[in-house]
Amino acid sequence: MSRRRFSIRMLAGSILAGFAYGCIGEFFFRKLERDMPQILFAALYMTGLFLFLGLIVYLIGKFGYYQVYGAVNRRQWAVSLLLMAALSACFEFLYEEISLSGRRQAFSSYLFVIDNSGSMNETDPDGLRYEAIEKLLEQKDTDFCYGVYHFSDTAKMVRAMAPVSEKGPESEAVNEGGTAVLHALDTVLGDLDSGKLILDQRCRMILLSDGYATDVDEAGRYDCIRRLEQFAERGISISTVGMAGDVDTQLLMLVADKTGGTYVSVRDVSQLEQGMRQAAQTKEETRSLLGYRSVGERDWLYGVLRIFLIAVLGMLVAVEKTVLCERFLNTNSVLVSSAIGSVLAGICLELGMNLLGAEPSAARITGCMLLGITVLYEDAAASSVS
C-alpha cells in the first residue's frame, strides 16, 4: 500500500513554467500591446499560456512517471484548446465593449498641463507645444473653455478656465527644474478642492511631458493611482503626450489608462500638432482584460467581471492539465489545485493592478504562475506500478 504524497516535481515545474511563460509573454506584451488589436492579442496570449503549460505538464509526467502507461485523450485536449482561443477572444471583446454607464459625449473644455522642465530647452526650445495648443483651439467655438498649468519642480495655474474668446494672461514659459508629475496632479486636485479650478464632467485634461517623473518611483506608484482615481471619479479623463525617446512611457500610459484617456508618443516636435489633436479626441472608457482599467461608474462590477472571466479561462487550463494527467489515475488534486489557482490568478490581476497599483508585468507574471499551479498525488501512480 503506497503512502499518499504529492509530486514536488510537478508542483515546482508547473509554477516555474508559469513564471517562464509570464516573462516571455511580457516581452511580446510590451512589443505588441499598442500595435495589435486587444482581442487578437488576448487570444494569442491565453492560447500560448495554454499550450506552454500543457507541454510542461506533459513532459514532467512523461519523464517523471514513465512506468505509467495510458494515452492522452487528444479529442478532449483539442476541444479545450479551441475553447481557450475562442473564449479568450470573446471575453476580451465583452470586457472592452460592455458598458454600465452612458456613452461619453464630446468634450466641452480642455485643461492643458504642460511640462516646463529644464530638458525642454533641448526637446522644444522654440515653444512649439504652445503653438500646437493654439492650432488645436482654432476650430473651437468662441465659448469653448480651456485652462493652462505649467509644471517643473512646482506647478501653477497660468490661465484660469475661460472661453477661447478671452485671451487671459499667460506666464512666459521658463524651462528649468525637474519633472514633478505627481506634484502637478496634486496641484490640480488641490485647486479643484479649493474651488480655484472648476471643471465639468466633460473636460479633457492633456498632460505633456518629455522626461521621467522626478517624484514618482516604484514605491510611489500606488499614490499616483490614488490621485488618478480621484480624477476618474470626477469624470475627468487625462490624455498624455510623451515627447522624445526618454519619456516616462509607463507612467504616461498609466495616467491615460486609469482615467480613460489616450497616450500619444511624439518623437519630433513637428508631430506635436497631430499628437495634440489625437490626445484631444473623444475615447470610450478604456478596459483590457490583461491590463489597467480606467475607473468609472460601478467600477467594482468590472473588477468582479474580470476575476470571473480569468477564472473561467483558468478552468480551461485546469481541464487541459487534468486530461494530460489522466494516465496517472489521480486527477482530482490536479483539477482542484488548478481551479483554486485560476481564481487566485483573477484576483491577483484585478487587485494587483487596479487596487494595489502593482506593475502590470509583475501582476501578469504572478497570474501565470498561479494558473500553472498543479498538485498531483503520486500514490495512485505508485500503486499502479506495483
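# Sheet, helices and salt bridges in a predicted model

User: In this predicted model, which strands does helix α8 lie across, and at what angle does α8 run to β5?

Analyst: Helix α8 covers residues 249–259. This helix lies across β4, β5 and β6. Its direction relative to β5 is about 160 degrees.

User: What is the order of the strands in the open sheet, and which strands stand at the edges?

Analyst: The open sheet has six strands with mixed pairing, in the order β3-β2-β1-β4-β5-β6. Two of these strands have a single partner strand each, so one side of each is left without a neighbour in the sheet. The strands at the edges are β3 (155–163) and β6 (263–266).

User: In which sense do β1 and β4 pair, and which residue of β4 is the bridge partner of V113?

Analyst: Strands of a sheet pair through backbone hydrogen bonds, either parallel or antiparallel. Strand β1 (residues 109–115) and strand β4 (residues 203–209) pair over six bridges, in the parallel sense. Within β4, the bridge partner of V113 is L207.

User: Which strands does helix α6 touch, and what angle does its direction make with that of β2?

Analyst: Helix α6, residues 181–194, packs on the sheet. The strands touched by α6 are β1, β2 (145–151), β3, β4 and β5 (237–243). With the direction of β2, that of α6 makes about 135 degrees.

User: How far apart are the closest N and O atoms of D193 and R234, and how many residues separate the pair?

Analyst: Side chains of opposite charge can pair when their charged atoms come close. D193 and R234 form a salt bridge, with the closest N and O atoms 2.5 Å apart. D193 is in helix α6, whereas R234 is in the loop between α7 (221–233) and β5, and the separation is 41 residues.

User: Is D193 buried or exposed?

Analyst: A residue counts as exposed if its relative accessible area is over 50%. The relative accessible area of D193 is 54%. D193 is therefore exposed.

User: Which helices does the salt bridge between K258 and E229 tie together, and which residues form the network?

Analyst: K258 and E229 form a salt bridge in which the closest N and O atoms are 4.0 Å apart. K258 lies in helix α8 and E229 in helix α7, so the pair ties together parts that are 29 residues apart in sequence. Both residues are buried. The network of salt bridges links R226, E229 and K258.

User: Where in the chain are R306 and E350, and are these residues buried or exposed?

Analyst: The side chains of R306 and E350 meet in a salt bridge at 2.7 Å, N to O. R306 is in helix α10 (residues 299–324) and E350 is in helix α11, 44 residues apart. R306 and E350 are both buried.

User: Why does M36 count as buried, and which residues is M36 in contact with beyond its neighbours within four places in sequence?

Analyst: M36 lies in the loop between α1 (8–32) and α2 (38–64). Its relative accessibility is 19%, and buried means under 20%. M36 therefore counts as buried. Leaving aside neighbours within four places in sequence, the contacts of M36 are F41 and L44.

User: Where is L356 placed, and what is the accessible area of the nonpolar patch that includes L356?

Analyst: L356 is in the loop between α11 (332–355) and α12 (360–372). Its relative accessible area is 54%, so L356 is exposed. The nonpolar patch on the surface also includes V336, I340 and V343, among others, and together its residues have an accessible area of about 660 Å².

Key: Residues are numbered from 1 along each chain as its sequence is written. This is a predicted model: local features need pLDDT of at least 70, side-chain atom pairs count only at pLDDT 80 or more; totals for chains, interfaces and linings use all residues. Side-chain values use heavy atoms; hydrogens and water are left out. Patches are made of residues with over 30% relative accessible area and no salt bridge: like charges are joined within 9 Å, nonpolar side chains (Val, Leu, Ile, Met, Phe, Trp, Tyr) within 5 Å. Accessible areas come from the Shrake-Rupley method with a 1.4 Å probe; for residues, only the protein chains shown count as cover. Helices (H or I, at least four residues) and strands (E, at least two) are DSSP runs, numbered from the N terminus. Buried means under 20% relative accessible area, exposed over 50%, partly exposed in between (1.4 Å probe, protein chains only). Two strands pair if DSSP finds at least two bridges between them. Contact means heavy atoms within 4.5 Å. Axes are lines fitted to C-alpha atoms, for helices over the stretch in contact, and angles run from 0 to 180 degrees between N-to-C directions.
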